[in-house]
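Dear colleague,

I am passing on the structure below, and I would be glad if you could read the notes that follow with the coordinates open beside them.

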Amino acid sequence: MTKPSLPELLHAAVAAVGGMERPGQAAMAEAVAQAIDDGTHLLVQAGTGTGKSLGYLVPALAHGDRVVVATATLALQRQLVERDLPRTVEALHPLLRRRPEFAMLKGRSNYLCLHRLHEGVPQEEEDGLFDPFEAAAPTSKLGQDLLRLRDWSDETETGDRDDLTPGVSDRAWGQVSVSSRECLGASKCAYGAECFAEAARERAKLADVVVTNHALLAIDAIEGAPVLPQHEVLIVDEAHELVSRVTGVATGELTPGQVNRAVRRAAKLVDEKAADQLQTAAEGFEKLMELALPGRLQEVPEDLAYALMALRDAARAVITALGNTRDRSVQDEDAVRKQAMASVENVHAVAERIANGSEYDVVWYERHDRFGASLRVAPLSVSGLLRDKLFTDRSVVLTSATLKLGGDFNGVGASLGLAAEGVEGEDLPVWKGIDVGSPFDYPRQGILYVARHLATPGREGSRTDMMDELAELIEAAGGRTLGLFSSMRAAQAAAEELRGRLDKPVLLQGENTLGELIKAFAGDAETCLFGTLSLWQGVDVPGPNCQLVVMDRIPFPRPDDPLMSARQKAVEEAGGNGFMAVAATHAALLMAQGAGRLVRATGDRGVVAVLDPRLANARYGSFLRASMPDFWYTTDRNQVRRSLAAIDQAARDQAAKAAV
């Protein structure tokens, strides 16, 4: 039997999922197959509607080596595991004459821990000795969640938190899950043979395709101890999110509450001297944190350095003591010890990292109204880490609808540790970028309108002219508006103002779950939805109920963002353009994602309105516009109002016809 060609395989897979073959999808599949064959790396920009998951799954399955697919969102993981992979495997089975296996793998804390569920959480002094299931009143929300989790544990096959519908609070889930550091290990745990997390790891070891998330991929790269099975091909979908997810995993934090929790957990397991030393160090740290002012610490102040060294040394003494003593009076001592060790090791690691003061780290204070002050440390850049850990010993494909910023892949490539495309050298990963386009006709389906006549937005103060413009645009569109704001304060102010002006419902992020808000927005043509960051990337509402996407301003990082400003300064000190490399690139990525909310299907029509004249007037405006879909561009406010009114009328006529 002759080996089936890639077009044959792709045709079978597309038919199986009920899709349409797209030229961009075929071009992507060929490029992915070539990169895997050559052992090189590929960046693929594939617009919404291209069918990019099949564009990488089909060549990867055809090649036969083990593949890890890492995504940023739960929605895409579910789509891959519940829809795309089962149908694709079934369709390719007769042609490949083998049936590739696939599995989902997440971090340990995503799975129900049977030991925690049945033995309870190791208790701390302040809580008293109680079983959380008994202490939580069955009528309370926590009590109801815990009872439901106990019932669910008898039914679930995966123990995966994301399979529990409806979900439970973080507090409830914390009672029945453990981190990898807190886990006793399958050989020492009475429930090791039934462990959901261990079962997931075993399934992943046997699978040809392992679907995971960016965070676990980052942990695998950073911590040195592999959590993912050995693989020859890595595919990173939603790759525009990778740098921020890796940065998040590589960020350390110390708070007085966290340190005090470590003290309480360790106190009953170590001698009085070690416990007192950690208690004293914790008190000194807490006093300092009461005076902490938000902002970056260019250098660690002397008093903080002393407090951190005291914490580090005390934590080290406790870790040693924890390893030496056994206390038979402590119930379920192994679990108590593991939990204490995890807390103290984290304090030790972060205190030591900040006290050592690496030039490659950024350190800052944050202050939260509810949780108080925290001390944070993050890498100045993750590009070196990604270059060394991601692009060795395997072929890597990175794909997203937004990887080309300002017209090329070099900005995103640099953030991943890649040299400019085409530059070769020893130890430099070999890669190329390909834009396979989009099935949508952007110039005919959408308008990019920049409100050039408005005043340039300042850092503070109301924008009366912007509110007037926004109200007029929504009226012209008949509702149907997704409002993307650069801050929650701006979104709240706009919602409050327009609820008083318009007779259209205005939903606001935070007033309900995101899923419920999007469902309500998608279900009613007159409804508007306002919000901030997660809406810029997380809304998929095809059809006439989202025909106007408004951005209040260019979403540059805040000037007082410690990490972004430190990264910008580092680029400038190296002779580069810090503003373009960091702030403009950050804004371009968000604007490309935000503008992508408008056209989600071939019949969609509408307007992306940017209420910030800098997009038309500033020198960097052309870079930002080149990063967005190729909509028809105008600054004519009257033209846009006429277009919106016509689109609204067409949608009303269509709805009336459908109702007859």
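**Cores and packing**

Leucine 416, once residues up to four places away in sequence are set aside, touches Leu43, Leu242, Val243, Ser383, Leu386, Arg387, Phe391 and Leu398. Please keep in mind throughout that this is a predicted model. Leu416 is also one of two residues, the other being Val608, that touch the most other members of the largest nonpolar core, a set of 89 residues. Helix α24 (residues 578-595) supplies the largest share of this core, namely seven residues. Apart from it there is a second, separate core of 42 residues, which includes Met28, Ile36, Leu42 and Leu57.

**Helix pairs**

Two of the pairs I looked at share helix α3. Helix α1 (residues 6-17) and helix α3 (residues 52-63) have axes that come within 10 Å and cross at roughly 125 degrees; the two helices are therefore oblique to each other, and their crossing is right-handed. On the α1 side the contact is made by Leu6, Leu9, Leu10, Ala13, Val14 and Val17, and on the α3 side by Leu54, Val58, Pro59 and Ala62. Sorted by class, this contact of α1 with α3 consists of ten nonpolar residues, with no polar and no charged ones.

Helix α2 (residues 23-38) also packs against α3, at an angle of about 35 degrees and with the axes 8 Å apart, and the crossing of α2 and α3 is again right-handed. Here Gln25, Met28, Ala29, Val32, Ala33, Ile36 and Asp37 of α2 meet Lys52, Leu54, Gly55, Tyr56, Pro59, Ala60 and His63 of α3. The make-up of this contact of α2 with α3 is nine nonpolar, three polar and two charged residues.

**Buried positions in strands and a loop**

Valine 44 has its place in strand β1 (residues 41-45) and, with a relative accessibility of 0%, counts as buried. Beyond its neighbours within four places in sequence, valine 44 is in contact with Met28, Val397, Leu398, Thr399, Ser400, Leu403, Ile434 and Val436. Serine 395 is found in strand β10 (residues 395-400) and is likewise buried, at a relative accessible area of 3%. With neighbours within four places in sequence left aside, the contacts of serine 395 are Ala35, Ile36, Gly39, Thr40, His41, Glu232, Val233 and Leu234.

Valine 539, by contrast, sits in the loop between α22 (533-538) and β16 (548-551), yet it too is buried, with a relative accessible area of 1%.

**Backbone points to check**

Most residues other than glycine have a negative phi, and most peptide bonds are trans. A cis peptide bond joins threonine 165 and proline 166, with omega at about -10 degrees, and proline 166 lies in the loop between α7 (141-155) and α8 (170-174). Glutamate 238, in the loop between β5 (233-236) and α11 (242-249), has a positive phi near 50 degrees and is buried, its relative accessible area being 14%. Aspartate 393, in the loop between α16 (383-390) and β10, also has a positive phi, near 65 degrees, but this residue counts as exposed, at 73% relative accessibility.

With best regards

Notes: Residues are numbered from 1 along each chain as its sequence is written. This is a predicted model: local features need pLDDT of at least 70, side-chain atom pairs count only at pLDDT 80 or more; totals for chains, interfaces and linings use all residues. Side-chain values use heavy atoms; hydrogens and water are left out. Axes are lines fitted to C-alpha atoms, for helices over the stretch in contact, and angles run from 0 to 180 degrees between N-to-C directions. Helices (H or I, at least four residues) and strands (E, at least two) are DSSP runs, numbered from the N terminus. Angles under 35 degrees count as roughly parallel, over 145 as roughly antiparallel, 65 to 115 as roughly perpendicular and the rest as oblique. A crossing is left-handed if the near helix is turned anticlockwise from the far one by less than a right angle, and right-handed if clockwise. Contact means heavy atoms within 4.5 Å. Ala, Val, Leu, Ile, Met, Phe, Trp, Tyr, Cys and Pro count as nonpolar, Asp, Glu, Lys and Arg as charged, and the others, Gly among them, as polar. Buried means under 20% relative accessible area, exposed over 50%, partly exposed in between (1.4 Å probe, protein chains only). A nonpolar core is a set of buried Ala, Val, Leu, Ile, Met, Phe, Trp, Tyr and Cys residues joined through side-chain atoms within 4.5 Å.
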